[in-house]
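Please keep the sequence and the structure open while reading.

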Amino acid sequence: MFLKKIILLLLLIIANFSIAQKKKKTDTVYVYEKVIVYDTIYLEKPIKSKLKDILLPQLSIAETQIKEINKENFTDNSIDQQKENQLNTHLQYGVEVGIGLKNSQWAKELSSNKQQFGENLGAWVSKSIITPRLSLMLSANVYYWNSTFDLDGNKEDTYLNGFYFTEDHQPLLFQKFNNKHLEYALQLKVFYEWKNIRPFVGFLVNRNIYKMQFLVPENNVLDKLDDFKTTQNNYGFSFGVQYRLLKRFLLSLDYQQYQMKNVSLKNSSFDFDIFKTNNTFAERKINLGISYIISK
């Protein structure tokens, strides 16, 4: 009987253990992470170190403010500003030399060579007005024009040969005449500068010094050579272009035209004018020159 109880108890223990083995239980594991944040603080202190009489200066950090910049606008504005700064706004002055060709209407009947070659020398002064690109220039030039014909009454028979008489009946004997002459010109020009190119227009006043030689009386004897010269001023216009070749050099090409009222040659000692007409002649010139800027 006791043995049966022991066997029954063992069977119950074995059965309970087997049931416990069949039911598996899931365990939950919790993992905790501990995050530690360290903050490093740097303290700046002046360092003074004296090494063999060498003293290091105090170190410091300067505050810098950074602003947002529109690069495209900044670049365009900088280029435009540089170009504006290159244009001189102060008073400038310089000298000019050049060559040219001249065509005179009144000389066509005397010479088959229509083009008259010449050289010129001048000086100018310029000042910007309104804007740096717009400037006003005053120039003065002396031209020397070579002759295209030569009439000599002592060597050949020309249609000007013979005696002429003044208003008070004094005799004059023709000697020589050609169109070699000096010309004095004064111009006022307005320039506009664009990318080293300077177009201009101007107003000019000039005087051509033509000479005709006569044998004139002295003490009632016809034995003195004297010149009859042109004395009138002529008015006209000019236009052209200059190119800034280098910082101080300007290359120019211009056209000039003016009107001559008669070709009047006179002498202060005699009341006489051999070309006393009512005609108006045009003279045209094309000049090529180079200028040097003297001012800084």
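Predicted model: local features only at pLDDT ≥ 70, side-chain atom pairs only at ≥ 80, totals over all residues.

## Strands E13 and E14

Strand E13 covers residues 234-244, and strand E14 covers residues 249-261. The two form a hairpin, with four residues between them. They run antiparallel and are joined by ten bridges. Within this pairing, glycine 236 is found opposite tyrosine 258 of E14.

## Strand E16 and its partners

Strand E14 is also joined to strand E16, which spans residues 280-293. These two run antiparallel as well, with 13 bridges. Two partners can be picked out here. Tyrosine 255 has isoleucine 286 of E16 as its bridge partner, and aspartate 254 has asparagine 287 of E16.

Strand E16 pairs with strand E3 (residues 92-104) too, in the antiparallel sense and over eleven bridges. Valine 97 has isoleucine 290 of E16 as its bridge partner.

## Aromatic pairs

How many aromatic pairs does the model hold? The count is 15. One of them joins phenylalanine 237 and phenylalanine 239: the ring centres are 6.5 Å apart and the planes meet at 10°, so this pair is stacked. The reasoning uses a cut-off, because planes under 30 degrees apart count as stacked.

Phenylalanine 239 forms another aromatic pair, with tyrosine 255. That pair is tilted, with 5.3 Å from centre to centre and 40° between the planes. Phenylalanine 239 belongs to E13 and tyrosine 255 to E14, so the pair links distant parts of the chain, 16 residues apart.

## An aromatic cluster

Six residues are part of one aromatic cluster. Its members are Tyr164, Phe174, Phe214, Phe228, Phe270 and Phe272.

## Charges over rings

Which residue has its charged end over the ring of phenylalanine 200? Lysine 189 does, at 4.9 Å from the ring centre.

A second case involves tyrosine 143. Lysine 285 lies over the face of tyrosine 143, and the distance to the ring centre is 4.0 Å.

Methods: Residues numbered from 1 in each chain as written. Heavy atoms only, no water. Phe/Tyr/Trp six-rings, centres within 6.5 Å; stacked < 30°, edge-to-face > 60°. Lys NZ or Arg CZ within 6 Å of the ring centre and 35° of its normal. Pairing = 2+ DSSP bridges.
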